[in-house]
Amino acid sequence: MEGIFAPERRSTLIAVLIIFVGLLGFSFLTTGADMAQLSITLLSGLLQGMLLFLVASGLSIIFGLMDVLNFAQGAFFMIGAYIGWEIQHAPNLMKAIPDPNLRFLVGIAGAVIVGAVLGAGLERGLLRPLYARPIFQLVATFGVSLIALEVVKLIWGTAPRSWTEDFTLSSGEFSLFGQFFSTYRLVVIVVGVLLIVGIAVLLKRTRIGITIRAGVEDSSMVEALGINVRLVFTGVFVLGCAVASFGGVIAAPFLGASNAMGAEFLLGAIAAVVLGGLGSYEGTAIASLMVGIAKAVVAKFSVQYLNQPVWESLTPMILMAAILLLRPSGLFGKE
Amino acid sequence: MQTPATSIQQKPAWRRTLDTNGVFLLWTAFLLIFPFLVGAISGTSPTGRRGESVFQQGVMIEYLTYAMLAMSYNLIFGFTGVISFGHALFFGAGGYILGGAARALGGETGVIVGVVLAIVASTGLGLLIGIVSLRLKGVYYAMFTLAVAEMFYIFFRRNPETGSEDGFGLGSSLPELLGQRIVLFYLTVILFILMFLFIRRLMFSPTGAVLLGIRENENRAKTVGYNTLRYKLFAITLAGVLATITGMLYALLNRKVGPEMFFVNFTVNPLLHTIVGGIGTFIGPILGAVGLSWLERTIRSTVLTVGESQINIGQWWAIILGVIFVAVVLIFPYGVVGTWNRAAPHIRKWISRFLPGRNAESG
């Protein structure tokens with residue numbers, strides 16, 4: 001993580017700090033200094049930030065290594081949610097695995113596996129032939145995201161699916177300053193933090209991570225050292241897709257599954273990745289949290305004072321546009 | 001097989017014009033007589049509000065607006081090499097501004113004010129987006145434009161003042177003249193031909209050459225001394241204005257505007273049309289747009305009967321399109337026109353082998 005603490009980054013870090021403090025102050029004012037409201041707003045912001053990160057991290061790492069912007073990342077999130085929902089709610093599976101907790105774990109495994117397999121297929125089948133033509137890769141992943149959406153519509157229809165089969169964690173609640181908050185959401189936040197740290201460790205402290213980072217710098221040099229960069233590419237792509245799928249399935253118990261969620265999370269993630277600086281992992285993590293918290297704060301504000309929920313969904317883009325104006329390559333991007 | 005230069009000189013001027021522009025003039029003539037042609041075949045009147053001819057005119061207007069959208073997209077994507085995922089933004093802006101003005105002022109004034117406002121606003125929007133985002137590298141630009149367009153989509157979908165999800169109808173606020181299908185048809189045909197000629201003229205001008213230079217190698221163009229940023233800004237603003245004009249036509253055809261005009265479909269469709277037809281060619285986008293729109297219309301209305309059950313394959317359209325698209329990207333990256341241009345010399349050579357007496361020349 002030394003990258004973001006380098007001396008030349010100091011001004012950026014201060015700016016980030018100011019933004020976070022500003023958001024905190026704004027939510028403090030919005031909630032009228034009510035600790036219960038404030039903590040709930042911030043927790044839901046953290047939660048959104050974590051979910052965004054699960055989509056954005058793949059986007060960022062894949063871009064960093066392969067210069068491919070995977071527009072299908074949102075589709076993987078959506079597919080993960082639908083598969084998790086299906087495994088939890090399918091009548092046959094409910095008979096076969098009566099324990100809802102176990103079913104949820106199976107759902108997670110299923111979603112991750114499907115995400116990984118589809119990701120591998122996408123990289124091998126569609127992206128590999130196109131490395132010489134990057135614009136077509138962009139276009140191809142975009143096309144795939146649309147096909148995925150249509151396939152999901154054919155299988156599950158256009159009506160959103162809501163989560164009705166509770167398991168132990170999802171029905172639990174805890175109180176904070178007298179306000180109730182779902183335990184499960186807290187668990188998702190913790191899982192998100194663990195993933196941020198886990199992927200960071202993978203990238204910075206393992207041999208695979210060294211290979212990946214070296215590949216980011218100069219893939220032909222790594223190839224010359226006798227390492228199969230293509231295989232690493234596939235691995236990273238699969239990882240990114242599996243993490244997005246995982247995000248979808250762990251979000252499903254409170255978000256349900258819907259056609260629109262893929263695009264929504266993709267846009268939030270894009271905003272986060274651009275904000276953080278393309279290819280900067282730490283930047284993506286920080287920006288995801290920033291976007292998540294900003295969304296929650298603006299949602300609180302607009303519900304309380306404006307009675308106009310549209311601003312919440314516009315927040316990521318406005319934030320992104322503002323930062324891009326000041327810094328054309330994002331907070332931690334290379335100039 | 002090459003005609004010697006001298007023989008071109010010997011031909012009269014009208015003949016030379018016909019040689020180079022014959023196909024173009026033929027199609028122009030076809031479009032101009034289209035309503036009467038369909039009217040004569042089906043025995044319906046080309047004017048009025050109903051009938052086969054009027055219906056087919058509507059279909060043709062739709063194809064032409066898609067073709068115009070694809071042409072404007074091709075200007076940035078195909079000729080300048082800038083990839084935008086927010087083209088729908090301009091399309092939707094055209095529709096909403098015209099619609100808003102027509103609803104507020106009504107009649108001819110509303111439409112005129114709307115057209116002027118829309119063009120001014122889209123110029124401003126293009127410049128603004130360009131200034132903010134063109135310093136960004138290709139992918140950043142693609143993402144940024146997607147985000148901005150999507151922002152507008154979400155905004156108009158949730159804004160009750162513009163009818164939220166449904167948008168609003170223009171029927172009562174448009175002047176009587178535009179209510180006649182044939183007027184709108186000729187308006188579209190004229191704008192379509194003007195746009196085609198304009199883009200062709202532009203691309204053969206020095207500015208067009210710089211745009212192509214940016215597409216091929218931006219750093220080289222920069223080194224030679226061109227302010228590439230300014231040229232790109234010009235290209236995206238111009239493409240935006242052209243898309244706005246298309247959006248206005250689309251709104252006039254449907255006599256309503258809705259948030260779907262900002263939806264990513266109106267970016268993806270011109271993108272697909274351009275790629276399938278041929279990136280960076282003049283007729284590729286038109287061919288792609290008309291061909292794919294015709295295919296969509298046909299497939300959507302087809303019901304397959306397999307034994308007892310009837311299968312409506314219309315709902316498979318998006319998937320079919322996706323497969324066509326992926327196949328084209330993988331196998332024919334230059335699209336129909338580009339592939340043809342590359343293959344034509346070989347085909348001619350191959351055919352000429354079977355024609356006696358041509359061998360010596362073509363070899």
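Mentor: Quick definition before we start: a helix axis here is a line fitted to C-alpha atoms over the stretch in contact, and angles run from 0 to 180 degrees between N-to-C directions. Also, keep in mind that this is a predicted model.

Trainee: Okay! So how do the axes of α11 and α14 in chain B cross?

Mentor: Helix α11 (residues 265-277) and helix α14 (residues 335-352) of chain B have axes that come within 3 Å and cross at roughly 15°. Angles under 35 degrees count as roughly parallel, and α11(B) and α14(B) are therefore roughly parallel to each other.

Trainee: Which residues meet there?

Mentor: From α11(B) you have B:Ile275, B:Val276 and B:Gly277, and they meet B:Gly335, B:Val336 and B:Val337 of α14(B). Sorted by class, that contact has four nonpolar residues, two polar ones and no charged ones.

Trainee: Switching to strands: how do β3 and β4 of chain B run?

Mentor: They run antiparallel, with four bridges joining β3 (residues 303-306) to β4 (residues 309-312) in chain B. One of the pairs is B:Val303 with B:Asn312.

Trainee: Zooming out, how many helices and strands does chain B have?

Mentor: There are 15 helices and four strands in chain B. Its radius of gyration is 22 Å, close to the 21 Å the globule rule gives for 363 residues, so chain B is as compact as a globular protein of that length.

Trainee: What share of chain B counts as buried?

Mentor: 42% of its 363 residues.

Definitions and conventions:
Residues are numbered from 1 along each chain as its sequence is written. Chains are lettered from A and ligands numbered from 1 in the order in which they are written. This is a predicted model: local features need pLDDT of at least 70, side-chain atom pairs count only at pLDDT 80 or more; totals for chains, interfaces and linings use all residues. Helices (H or I, at least four residues) and strands (E, at least two) are DSSP runs, numbered from the N terminus. Angles under 35 degrees count as roughly parallel, over 145 as roughly antiparallel, 65 to 115 as roughly perpendicular and the rest as oblique. Two residues are in contact if their C-beta atoms, placed from the backbone, lie within 7 Å. Ala, Val, Leu, Ile, Met, Phe, Trp, Tyr, Cys and Pro count as nonpolar, Asp, Glu, Lys and Arg as charged, and the others, Gly among them, as polar. Two strands pair if DSSP finds at least two bridges between them. The radius of gyration is taken over C-alpha atoms; the globule rule is 2.2 Å times the number of residues to the power 0.38. A residue is buried if 20 or more other C-beta atoms lie within 10 Å of its own, exposed if 12 or fewer, and partly exposed in between; C-beta atoms are placed from the backbone.
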